[in-house]
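Subject: Structure handover

Hello,

Here is the structure I said I would pass on, followed by notes on what turned up in it. Please read the notes with the model open.

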Amino acid sequence: MHVPLYQAKADFFRMLGHPVRIRVLELLQHGPVPVRDLLADIDIEPSSLSQQLAVLRRSGIVVSIREGSTVSYALAGGDVAELLRAARRILTELLAGQNQLLSQLQQADTTAAGPAAGSLLTARGSPRPRP
């Protein structure tokens, strides 16, 4: 059965769409990490982490490495780390744009209301309680 490329991409991003999976991938960017360290860093039940690691392993994004009784996980390739860096850049730009828009809106509100109304706003832009 042939899956269109756009569907395969959607499935891929849906697989990434869980906060624990993203956190695991972030922690693995610098090399293999034992499961016990992942548990300590993520603060999640072992069974839940195991489920999320299984999803990542089945997708081929991570690989497990057994050394004696220790199981570690590592990224299967460097492209995932690059994807996470790209996501960080995109989010940074989006948030910077939102902060700029918020600033402009706050300036417009202050200008439109005049100096008297501006004095009723706190530094965060919320109304001060009236005496």
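R21 is buried but takes part in no salt bridge. In this predicted model, the nearest side chain of opposite charge is D11, 11 Å away. A salt bridge needs a side-chain nitrogen within 4 Å of a carboxyl oxygen, so D11 does not qualify as a partner. What the side chain of R21 does reach is the backbone oxygen of M15, at 2.5 Å. R21 lies in helix α2, and, not counting residues up to four places away in sequence, it touches R14, M15, Q52, V55 and L56.

Three of those residues, Q52, V55 and L56, are also among the buried residues of α4. After α4 comes G60, with a positive phi near 90°.

D43 counts as exposed because its relative accessibility is 72%, and the cut-off for exposed is over 50%.

On the nonpolar side, the largest core has 21 residues, and those with the most contacts inside it are V24, L25, L28 and V62. Two or more residues each come from α1, α2, α3, α4, β3 and α5 (79-118). The most come from α2, which gives 5 residues. Leaving aside neighbours within four places in sequence, V24 is in contact with I42, L49, L53 and L56. Nonpolar side chains tend to be buried together in soluble globular proteins.

Now the charged pairs. The whole structure has 4 salt bridges. One of them joins R23 and E26, with the closest N and O atoms 3.2 Å apart. Both residues lie in helix α2, 3 residues apart, about one turn of the helix. An α-helix has 3.6 residues a turn, so residues three or four places apart point the same way. R23 is partly exposed, with a relative accessible area of 34%, and E26 is also partly exposed, at 26%.

In helix α5, E82 forms a salt bridge with R85, again with the closest N and O atoms 3.2 Å apart; these two are 3 residues apart as well. E82 also meets R89 in a salt bridge, at 3.3 Å from N to O. Shared partners join E82, R85 and R89 into one network. E82 is partly exposed at 34% relative accessibility, as are R85 at 39% and R89 at 45%.

Finally, the overall figures. The protein has 5 helices and 3 strands, which run α-α-β-α-α-β-β-α from the N terminus on. Buried residues make up 22% of the 131 residues. Among contacts between residues at least 6 apart in sequence, 46% join residues at least 24 apart.

Regards

Conventions: Residues numbered from 1 in each chain as written. Predicted model: local features only at pLDDT ≥ 70, side-chain atom pairs only at ≥ 80, totals over all residues. Heavy atoms only, no water. Buried < 20%, exposed > 50% of the residue type's maximum accessible area, 1.4 Å probe, protein only. Helix = DSSP H or I, 4+ residues; strand = E, 2+ residues; numbered from the N terminus. Lys, Arg positive; Asp, Glu negative; His and termini not counted. Polar contact = N/O pair within 3.5 Å; in protein donor to acceptor, adjacent residues only side chain to side chain. Contact = heavy atoms within 4.5 Å. Core = buried A, V, L, I, M, F, W, Y, C linked by side-chain atoms within 4.5 Å.
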